[in-house]
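I opened this structure for a first look. These are my notes, in the order I made them.

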Amino acid sequence: MNNTEKTMEKIVALCKGRGFIFPGSEIYGGLANTWDYGPLGTRLKNNVKDAWRKKFIQERHNSFEVDADILMHPRVWEASGHVASFSDPLLDCKECKLRFRADNLIDDFDPDAHADGMTKEEMFEYIKAHSIPCPHCGKHNFTGIREFNLMFATHRGVTEDNKNVIYLRPENAQGEYVNYPSVLRSMRAKLPFSIGQIGKAFRNEIVARQFIFRMREFEQMEMQFFVRPGEELKWFSTWKEWRLKWHKALGLGDEKYRYHDHEKLAHYANAATDIEFQMPFGFKEVEGIHSRTNFDLSQHEKFSGKNIKYFDPELGESYVPYVIETSIGVDRMFLSVLCSAYEEQKLDNGETRVVLHLPAALAPVKCAVMPLVRKDGLPEKAREIVNDLKFDFSTHYDEKDSIGKRYRRQDAIGTPYCITVDHQTLEDNTVTLRHRDSMEQTRVNVADLHRLIHDNVSLNSLLRKLA
Ligand code: ATP
């Protein structure tokens with residue numbers, strides 16, 4: 001097992017053991033590559049979503065959030081082009097019969113090859129020329145490449161015929177586009193303005209893998225920014241910058257990010273880039289930014305027969321707006337947070353502690369309150385402190401095992417602060433405040449706890465850098 005696999009295995013084990021993520025349907029033996037977020041994972045994921053929502057919905061002028069249905073009219077996916085061409089290049093190993101994505105085989109073989117810029121034929125030639133082996137059996141004996149549509153289809157109502165086929169949405173974007181006229185009208189919006197959405201998307205990925213990196217059911221945070229025709233490339237550059245700044249503000253390490261500008265563009269785009277994050281298995285896409293032209297809105301105008309042009313009062317003319325899309329995977333973002341936070345730290349006393357250096361604003365538990373011993377009125381005092389802090393912070397109470405073990409438990413889930421109540425607390429109302437990363441302990445007054453914690457765990461402490 002190489003180091004990357006070891007790191008990933010440890011992160012998966014920590015997630016399972018500490019309540020972040022569990023294998024899906026586990027008591028039935030699991031359903032391959034499905035994952036359920038546990039109590040701490042759900043909180044961490046919500047904090048990631050809040051960081052996005054706060055910056056790009058709450059703090060922005062003219063930015064509106066929607067929550068569209070996952071099931072949409074089947075014509076939506078004909079208009080968007082997904083029925084005809086939302087597919088991945090698939091090939092089979094003739095020896096072990098396993099199925100792979102040709103572009104993934106190439107990118108894993110050489111991360112700088114950028115298979116996304118190659119045609120199907122070019123990928124086939126590349127795999128042949130470099131004798132890329134099957135990742136499972138090591139042989140080089142593949143079928144040709146064919147396209148595999150990634151949409152999950154199901155049936156609406158009781159009859160399972162073609163007329164009733166309906167799709168689970170493979171991207172959030174169309175929910176924002178079909179609601180564009182309603183948002184424009186009801187919110188009396190003026191260009192440029194944006195519609196954002198956080199929601200599930202479904203893709204029947206040929207190979208779901210790398211834990212929550214590639215799933216068949218995942219969540220996206222998307223923003224469609226509607227602009228005047230001709231201004232889209234200027235806004236594309238601006239959004240590229242804004243989005244990277246947001247990522248960096250979260251504090252996972254500036255050097256772990258890079259752009260990957262697309263050479264080969266999707267049929268609907270006139271510029272595209274990915275923001276990649278350095279995962280243990282290499283730089284990988286966490287967010288896609290596309291200048292989607294007016295393709296989608298024009299298609300919906302054509303397919304629905306409704307006029308969805310915007311009347312621009314300053315220019316005195318009507319047009320179909322152009323769109324800049326930013327789309328980030330919540331699960332991939334979650335994985336980048338975990339991967340950058342995980343550390344096995346050798347201590348001076350020879351012990352090893354597992355610690356998650358989570359950005360405090362994203363940590364699922366902000367503070368843990370612990371009585372030093374389970375007697376002499378210390379548990380009661382500790383509960384009193386919990387009852388005060390819990391209204392503003394997610395707070396744990398822990399009285400089991402030695403204080404050292406309790407600190408380790410909190411380190412492993414990334415709790416930024418531990419508050420220990422001891423006999424002195426009963427005399428002068430002070431406690432020890434332990435900082436997760438430095439392990440430093442300071443004596444502070446109970447009355448100051450709220451301020452001290454709040455200053456570091458609020459989302460503002462991260463996002464104010466972007467103001
Ligand atoms: P990839 O090339 O990795 O398949 P993509 O370019 O198809 O991704 P987009 O369509 O741009 O992805 O989707 C926007 C974001 O949604 C991605 O940057 C990623 O974070 C997330 N995403 C896409 N597919 C998956 C998936 N199968 N599992 C988890 N997240 C995903």
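This is a predicted model: local features need pLDDT of at least 70, side-chain atom pairs count only at pLDDT 80 or more; totals for chains, interfaces and linings use all residues.

I began with Asn-456, which is partly exposed because 15 other C-beta atoms lie within 10 Å. The terms I use: buried means 20 or more other C-beta atoms within 10 Å of a residue's own, exposed means 12 or fewer, and partly exposed is in between, with C-beta atoms placed from the backbone. I found Asn-456 in helix α15, residues 446-457. Helices (H or I, at least four residues) and strands (E, at least two) are DSSP runs, numbered from the N terminus.

Residues are numbered from 1 along each chain as its sequence is written.

Next I looked at what surrounds Asn-456. Leaving aside neighbours within four places in sequence, Asn-456 is in contact with Ala-360, Pro-416 and Ser-461. Contact means that two C-beta atoms, placed from the backbone, lie within 7 Å. Ala-361 is 95 residues from Asn-456 in sequence, yet their C-alpha atoms are 7.2 Å apart in space.

Then I checked the domains. The assignment for the protein chain lists domain 1 (2-85 + 150-339), domain 2 (87-148) and domain 3 (360-466). Such bounds come from an automatic or database domain assignment. I read 52 Å between the C-alpha centres of domain 2 and domain 3.

I turned to helix α13, residues 403-413, and found Tyr-407, Gln-410, Asp-411 and Ile-413 buried. The cover over these buried residues includes α2 (39-58) and the strands β18 (352-356), β19 (367-371), β21 (417-421) and β22 (430-435). After α13 comes Gly-414, with a positive phi near 80 degrees.

Helix pairs came next. How do α5 and α6 pack? Helix α5 (residues 102-109) and helix α6 (residues 120-129) have axes 10 Å apart, at an angle of about 45 degrees. That makes α5 oblique to α6. Angles under 35 degrees count as roughly parallel, over 145 as roughly antiparallel, 65 to 115 as roughly perpendicular and the rest as oblique. In this pair, Ala-102, Asp-103, Leu-105 and Ile-106 of α5 meet Met-123, Tyr-126 and Ile-127 of α6. By class, I list six nonpolar, no polar and one charged residues in the contact of α5 with α6. Ala, Val, Leu, Ile, Met, Phe, Trp, Tyr, Cys and Pro count as nonpolar, Asp, Glu, Lys and Arg as charged, and the others, Gly among them, as polar.

The axes of α2 and helix α11 (residues 330-341) come within 10 Å and cross at roughly 110 degrees. The two helices are therefore roughly perpendicular to each other. Leu-44, Lys-45, Val-48 and Lys-49 in α2 meet Val-330, Met-333, Phe-334 and Val-337 in α11. I sorted the residues of that contact into six nonpolar, no polar and two charged.

Last, the backbone. Most residues other than glycine have a negative phi, and most peptide bonds are trans. Asn-62 has a positive phi, near 60 degrees, and sits in the loop between α2 and β3 (63-65). Gln-210 also has a positive phi, near 55 degrees, in the loop between β9 and β10 (217-227). I also found a cis peptide bond between Leu-191 and Pro-192, with omega about -5 degrees. Pro-192 lies in the loop between α8 (180-186) and β9 (193-202).

Methods: Axes are lines fitted to C-alpha atoms, for helices over the stretch in contact, and angles run from 0 to 180 degrees between N-to-C directions.
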